[in-house]
Amino acid sequence: MIFSVIWFVFTVFGSGALVVGLLFLWTDGQLGEVSEKLTPQQAELHLAELEKQRQQEEEARERKQREVQLDRLQQQNEVLQEEITRKQEERRQQRTLTKRFGEAIPEAPAPTPEPQKFYEKLRSGISKTREQMLGGLSNALLGKKEIDEEVLEGLEEALLGADIGPETTEQILEVVTSRVERQELRDVNALREVIKEEIVRILHKEVPIPTVVDRKPLVLMFVGVNGVGKTTTIGKIAAQYRRDGHRVLMGAGDTFRAAAIEQLTEWSCRAECDIIAKSQGVDPSSVMYEAVEKAVREEYDVVICDTAGRLHTKKNLMEELRKMVRVIRKIIPDAPHEVLLVLDATTGQNAIFQAREFREAADLTGIVMTKLDGTAKGGVIIGIVNEFDIPVRYIGVGEGIEDLRPYDAKQFTDSLFS
Ligand SMILES: Nc1nc2c(ncn2[C@@H]2O[C@H](COP(=O)(O)OP(=O)(O)OP(=O)(O)O)[C@@H](O)[C@H]2O)c(=O)[nH]1
Ligand SMILES: [Mg+2]
């Protein structure tokens, strides 16, 4: 019995193995026949087919990567957008709250401030500068009956103390001395008037600001050291152009700090204008290019470019500025039409050094003097107007959107002396 079972198992499994073995031999033969039958041309086609498949796979992978990147960018964009909306909402609520307590806050962009209001703000803003200058002069002349060496020394001290700067102080003293020598000037009280006249003469160096009608798009670029008020000034100027009905595009050229891009984006919302902003670390020249190119293509009236604060002593950063100008000129050969150096009045004489250095690195067309409010060093504006052939374009007297105005020499001297 046991032998019958063993015989049965062997017969069944043995035939199975035989069938499988024959099957293998047959398939191998078939495949062998196929590969043996391939001609060189067919092999080439086969290879090409394989290469095509590989490329398709590669393309699909790249497409996938791009989709993932796009998704990530969209998410970042949404976060930024949410942040902007949140801030706008905060501001709206703040306005509502403040209104409820009876204090009016202007809607953005703020209505054009009345000239008188700005004059008052300017006058009170530069009160410390006025006290410094007029107080110093009064002290120098106090109790003096005639103009002698001592009076002139006191006068020099007063002018230097008002941050007018050594060159301009010397120039004013020369005018006084020569008039004293010619005996045209004897009276100490008349001396005060002569100094005032001289300062008024210096400050009246005015140059008109090119208008949008002259060039379209008008390209403005703002430069200066850190924290002087470039971005804030851009926001205020953009709001003014918008109020005048112009289409404004901002270029967020300060790619050094992520916060700088957000800050300008927020100003673009307040001023209700468009902005070209890329991510942190991107070459600022590429932002400039894109902004100017879009402005030309879409017929904007004004392009306002922000730049990162840079120390005037850092050669590579100053070179970066030159590159930005070169890139802008690839699209508009005579742009930027204005390169405005922003100076902080509270830095006094340092502002004069900055003006000298930046003038070497960029073809400055104008100066913006900010933070004239609350400083005793505002006299530096006299030194700057006198020393450089670069006109002061705007003055800033506060952080608000309406606290910036084109420089008006008469208005400024009136507020300084009365
Ligand atoms: N009091 C006063 N503050 C001002 C004036 N202009 C700007 N500021 C303030 O100065 C500070 C710096 O201003 P920003 O506009 O950020 O200066 P920035 O030159 O862009 O600075 P960076 O981007 O860091 O180089 C902010 O707090 C502004 O509100 C002004 O005319 N008066
Ligand atoms: Mg800035």
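Biologist: Which helix gives the most residues to the shell around ligand 1?

Modeller: This is a predicted model, in which local features need pLDDT of at least 70 and side-chain atom pairs count only at pLDDT 80 or more, whereas totals for chains, interfaces and linings use all residues. Residues are numbered from 1 along each chain as its sequence is written, while chains are lettered from A and ligands numbered from 1 in the order in which they are written. With helices taken as DSSP runs (H or I, at least four residues) numbered from the N terminus, the most to this shell, three residues, comes from residues 230-243, which form helix 8.

Biologist: Is helix 7 roughly parallel or roughly antiparallel to helix 14?

Modeller: Residues 188-203 (helix 7) and residues 409-417 (helix 14) pack with their axes 9 Å apart, at an angle of about 150 degrees. Since angles under 35 degrees count as roughly parallel and those over 145 as roughly antiparallel, helix 7 runs, relative to helix 14, roughly antiparallel.

Biologist: How many nonpolar residues does the contact of helix 7 with helix 14 have?

Modeller: Lys-196, Ile-199, Val-200 and Leu-203 of helix 7 meet Ala-409, Phe-412, Thr-413 and Phe-417 of helix 14. By class, this contact has one polar and one charged residue, and its nonpolar residues number six.

Biologist: Over which residues does pLDDT stay under 50 with zero contacts beyond four places in sequence?

Modeller: On pLDDT, the predictor's confidence in each residue from 0 to 100, the protein chain has a mean of 82. Counting as contacts those residues whose C-beta atoms, placed from the backbone, lie within 7 Å, the model has zero beyond four places in sequence for one stretch under 50, residues 16-35.

Note on methods: Axes are lines fitted to C-alpha atoms, for helices over the stretch in contact, and angles run from 0 to 180 degrees between N-to-C directions. Helices (H or I, at least four residues) and strands (E, at least two) are DSSP runs, numbered from the N terminus. Angles under 35 degrees count as roughly parallel, over 145 as roughly antiparallel, 65 to 115 as roughly perpendicular and the rest as oblique. Two residues are in contact if their C-beta atoms, placed from the backbone, lie within 7 Å. Ala, Val, Leu, Ile, Met, Phe, Trp, Tyr, Cys and Pro count as nonpolar, Asp, Glu, Lys and Arg as charged, and the others, Gly among them, as polar.
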